[in-house]
Amino acid sequence: MTLRTPDLRMPLLALGAWIGGLAANLVAVPLVGVAGALGLVTVVLLRGWGLPIWRTAGALLLVIAAVACSGLVRQHQTGHNPVSDLASQRAAVTVVATVGSDPRVLSGRFGDQVMVRLDVHRVTGRGSTFELTTPVLLIGDLAWGEVPLGATVRASGRLSPSDGSDVAGMLGANGKPETLAPPDLWWRGADALRQSLRDSVASRPADQRALVPALVDGDDTNLDAALADDFRDTGLTHLLAVSGTNLTLVVGFLLVVARWSRVRGRWLYVVGGCGIAGFVLLARTEPSVLRAAVMGTVGLFAMGVNGRERGFRALGVAVVTLLLVQPALATSIGFALSVLATTGILVLAPGWRDDLSRWLPRWLAEAVAVPAAAQLACTPLVAAISGQVSIVAVAANLVVAPAVGPATVLGLVGGLLGLVWDPAGRLAGAAAGWCVAWIVEVAHRGASLPSAAIEWGTGAVSLAVLTVLCAAAALVAPHLLRRRTTGLGCALLMVVAVVVRPPTPGWPPDGWVLAMCDIGQGDALVLNAGPGTGIVVDAGPDPALVDRCLSRLDVERVPLVVLTHFHADHVDGLAGVLDGRSVGAIETTRLQDPPEGVDVVTEAARSAGVPISTAAFGGTRTIGDVTFQVLWPPADSPSVGPGDGSTANEASVVLLVEIRGMRLLLTGDVEPEGQAALAGMLPGLHVDVLKLPHHGSRYQDLDFLESLQAGLVLVSVGADNDYGHPSAEALEPLAATGATILRTDLDGDVVVARRGDSVVAVTSAGP
């Protein structure tokens, strides 16, 4: 039998389109011109030498040039128009525009705001009015969250320059929106279906209410952050966003119904086209949705006769077309993941399926091969983004696969039936919820496994090694999978790798006394009270992250948890501390505020059967190797607050800790006034280690903090947070005293240890 050489021309052109998009977005215009001229000279030389590849080289150069020119033209249109000019002048303007995206709530220090994309048609500013079409990002009060997609509105505010090249400016809106015209009929229909879908699962548990709409149309508005983290750790994140899988399931269902209704021939293409258009309207015309629609269409091609060749060719056409229309996709991580996953399914999955079919039922072989191929193709890029490699991802995708299709289809049916008869919609929604319950359970269970995900470096060498390993796995897999013994051996090896936690050499370091966990924007500290025993001070915002940190420290017993105050970034992860550990007691600040934080702590403690009490001011206690004293808040401080954030911060429990000859000051989020009061109460206090208050906020009593003469200052802070933490105004004066400053956003987990008479710090991010 003669093996047919695959046609790589369209994939090659797709690669060229990607190069053109990257050049337009990342390279200076003169360099793009020079590269184009050199390419043209090369094509001419190839033709002159009579080499047959000159046509392919010419087509490749043409595609690169077309995409690069498209990108440069779009950047010029967006960056050089009346709106961008007014934005550079920070002018006050009035715009008439169409709402181009669903609202997104932004949480900030001074309250919530709404961000929405507008397509501006008319702008008036600096005494002139211009008619044009250009996008801007509007940030306004919560009233903007009620404006429907597609509505025509008038807004006034001040323009400012945008950080990105895809919008002409940022508009800070004054007051509420003025709606001039409602959305068009198709947008109103899509909104009605989305609302009907939400109504069909309104009586289901919270996770199901959030996940069913996410599966059908990518609406993850009400998704819990902890559940999203579980999906990320188990490689199921693609289910929470609009992807080609969503479209394939929805349109595939419509095609099945059409065949049942005796629709044949070219009318099936009409049904498929209408289904794709309807899906785009339902999921919104965002670039990510359009990308998903195209990739889903490629998937439908691959499901037909001669699927691999047709799908591969269709993928090349899709990439070229998308980049010509939207060159900025060349720098989109989501676009790259979609292309890689689709490529993996087209290139690897058919062969793996055929190999597995030698000893497995074909349907099971396909169920294993498809997610495994997609995951392997995406692994290096996912590691570059997250710094993790999910070990449980293939198994989790395999286990949930039987529920994803029914949940998506039943959710859509629930929304459609709900438009006609609400009880029928709720019945289908309940069935979708039952399917989703299984997916949620798999995500929870998978994320809690010892090795659900392993840390992986994001440096060039680490990613190169991972890419080589993935390529080697792709080459070796057919030889292993076609035999029952080696195939089952691989499955067993995967199970062992997931269930058994691998040792972490050198972590925690010998003689460690304090660990500051990298849990994002929040605090989670651990004091070493003895072998396997730790006192936890604050629990961060995420149960999974604090649980993982404690597990890496081999902490199995927690005699005491101290929660400095009730803000979410200090208490929402408490369930992760309590899960699977022996916990003796929880102590909190006197001020029972904010109420939602108090409720989180109360419920978690009640479920675990752990008593709660108030940290006693002035009391000194010893637990294991740790001696500590509560310095703040005073015994006469209020227990009921006005509900503002500063008051809750000011009531933070402050601990002075002595352990193995070292003195540490753990400050929670105490405000400058409290710091000044402590300075008066404790004149001449010196410490070895200072946990900087409030994540390095600029609001500090620097005289007090500098007087402590701490040699090591720790800052627990999340990368790219919205608060501007940590502030140079707080860090620079302390650094000027000679203190070493370590921060979780840059250094990862930080562990303080004793080495003879010296205090040393070791970080998970390395030197």
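Residues are numbered from 1 along each chain as its sequence is written, and side-chain values use heavy atoms, with hydrogens and water left out. Because the model is predicted, local features need pLDDT of at least 70 and side-chain atom pairs count only at pLDDT 80 or more, while totals for chains, interfaces and linings use all residues.

Let me start with the sheet, which is open and has 7 strands in the order β18-β19-β20-β21-β22-β23-β24, with mixed pairing; strands here are DSSP E runs of at least two residues, helices are H or I runs of at least four, and two strands pair if DSSP finds at least two bridges between them. At the edges stand β18 (620–623) and β24 (740–743), each with a single partner strand, so one side of each has no neighbour in the sheet. Further in, β21 (residues 662–666) and β22 (residues 689–691) run parallel and are joined by 3 bridges, and L666 has K691 in β22 as its bridge partner.

Now to the disulfide, meaning a pair of cysteine sulfur atoms within 2.5 Å: a search of the whole structure finds 1, formed by C517 and C549 with their sulfur atoms 2.1 Å apart. The pair links distant parts of the chain, with C517 in the loop between β10 (512–516) and β11 (525–530) and C549 in helix α19 (residues 543–552). The torsion about the S-S bond of C517 and C549 is about -75°, so the disulfide is left-handed.

Finally, the helices: α26 (residues 728–736) lies across β23 (712–715) and β24, running at about 145° to β24, where axes are lines fitted to C-alpha atoms, for helices over the stretch in contact (heavy atoms within 4.5 Å), and angles run from 0 to 180 degrees between N-to-C directions.
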